[in-house]
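Here are some notes for a colleague opening this structure. Please read them with the model on screen.

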Amino acid sequence: MPFINFSKDEIQCKIVYYGAGFCGKTTNLQYIFSQTKEDIKGKMVSIDTKGDRTLFFDFLSLNLGKIRGFDIRVQLYTVPGQVHYDATRKLVLKGVDGVVFVGDSLKVQRKKNIESLINLAKNLAEKGVSIRTVPLVIQYNKRDLDGTDSEILPIEVLEKDRRAWAFLKRLGKLASWL
Amino acid sequence: MNIILITQKDLEKIDFCLNRMVSSSLAQSVLLIDRSGQLIAHHGNAPAIDMSSLSALTAANFGATAEIAKILGEEEFTLLFHKGRNENVYFSAIGEHVILVTLFDDRTSLGVIRLQIGKIIDELSKILSTIFEKKKVLTE
């Protein structure tokens with residue numbers, strides 16, 4: 001939920017990067033951090049994971065300038081992607097204002113993308129937020145692997161998968177939280 | 001969508017409480033953050049601290065220990081204390097939405113900090129519940 005501070009003329013929002021393990025959520029934050037000017041970004045915080053997987057979350061605060069006199073401060077978070085870190089994902093989703101779902105274009109990750117999207121819908125529903133109404137960006141990541149040894153899914157297939165969960169809902173194959 | 005609105009008047013009341021807390025306990029600074037990691041207000045003398053990161057990590061820390069509490073059959077741990085060589089941090093839950101973070105060094109003691117927090121906590125709770133009640137009205 002956004003915080004509107006009339007005393008400081010500031011609006012704070014929380015955006016969470018979501019997706020399956022190794023899809024590139026932390027890399028997204030690292031890229032944003034490396035490409036933004038010093039005066040608009042805070043420190044990037046990554047909780048030590050003893051490896052290249054996110055155990056808890058990464059965090060980056062950005063000041064995006066003014067809209068109608070209000071400073072817009074956006075806080076970017078990532079979640080751990082592995083299935084068994086669901087409790088942590090739920091914690092990070094608390095108070096979320098928008099989600100970036102990072103879809104992995106690798107063919108071998110197709111099933112995990114769908115599972116993660118369904119997991120997002122379920123965890124949002126537990127917070128009283130519908131995936132249909134929350135501001136949601138879907139990013140098809142790793143498109144630059146096209147033409148390499150790693151086999152990637154065509155955009156059309158990813159688009160089809162994106163719509164799959166809604167289709168399953170219509171068929172009544174998924175629980176009521178969708 | 002739920003929106004939290006903090007007016008100038010709300011913030012003045014919060015500042016008054018936090019100011020009293022700092023001056024009576026000799027704490028370095030106090031922060032009031034919401035459980036999703038947003039900073040609501042801070043008071044005191046901590047210019048070099050990255051407040052945004054501290055708020056995000058505090059909320060996560062509190063959330064994680066709440067899960068530990070549930071595993072142990074407790075509803076929640078309402079306070080946490082981290083002791084360092086020079087700096088200490090004391091976290092206390094205020095209602096279901098907010099956490100008070102107190103940073104202090106060896107000029108004061110944990111006992112004094114706890115005593116002074118006890119004196120302001122009821123007043124802060126009232127102010128904050130008014131703010132979060134407004135949220136409900138806005139979203140209805």
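1. Start with a strand pair in chain B. Strand S2 (residues 29–34) and strand S6 (residues 98–104) of chain B run antiparallel and are joined by six bridges. Ile33(B) stands opposite Ile99(B) in S6(B). Strands (E, at least two residues) and helices (H or I, at least four) are DSSP runs, numbered from the N terminus. Two strands pair if DSSP finds at least two bridges between them.

2. A word on the source. This is a predicted model, where local features need pLDDT of at least 70, side-chain atom pairs count only at pLDDT 80 or more, and totals for chains, interfaces and linings use all residues. Residues are numbered from 1 along each chain as its sequence is written, while chains are lettered from A and ligands numbered from 1 in the order in which they are written.

3. Now the whole sheet. Five strands of chain B form an open sheet in the order S3-S2-S6-S5-S4, with antiparallel pairing. Its edge strands are S3 (39–44) and S4 (79–83) of chain B, each pairing on one side only. From one strand to the next, the twist averages 15°.

4. Helices lie on this sheet. Helix H1 (residues 8–25) of chain B lies across S2 and S3 of chain B, at about 40° to S3(B). Helix H2 (residues 51–71) of chain B touches S2, S3, S4, S5 (88–94) and S6 of chain B. The direction of H2(B) makes about 65° with that of S2(B). Such angles run from 0 to 180 degrees between N-to-C directions, with axes fitted as lines to C-alpha atoms, for helices over the stretch in contact. Contact means C-beta atoms, placed from the backbone, within 7 Å.

5. How many residues of S6(B) are buried? Seven of the seven are, so the strand is largely enclosed by the rest of the structure. Val98(B), Leu100(B), Thr102(B) and Phe104(B) are buried on one side, and Ile99(B), Val101(B) and Leu103(B) on the other. A residue is buried if 20 or more other C-beta atoms lie within 10 Å of its own, exposed if 12 or fewer, and partly exposed in between; here too, C-beta atoms are placed from the backbone.

6. S6(B) also pairs with S5(B), antiparallel, over seven bridges. Asn88(B) has Phe104(B) as its bridge partner in S6(B). Three residues separate the two strands in their hairpin, where Gly95(B) takes a positive phi near 65°.

7. Turn to where the chains meet. The contact takes 23 residues from chain B and 21 from chain A. On the chain B side, H2(B) gives the largest share, eight residues. That side has ten nonpolar, nine polar and four charged residues. Here Ala, Val, Leu, Ile, Met, Phe, Trp, Tyr, Cys and Pro count as nonpolar, Asp, Glu, Lys and Arg as charged, and the others, Gly among them, as polar. Strand S1 (residues 3–5) of chain A and S1(B) pair in the parallel sense over three bridges. Phe3(A) stands opposite Ile4(B) there.

8. Chain A has four helices and seven strands. Their pattern along the sequence is β-β-α-β-β-β-α-β-α-β-α. Of its 178 residues, 36% count as buried.

Definitions and conventions: Contact = placed C-beta atoms within 7 Å.
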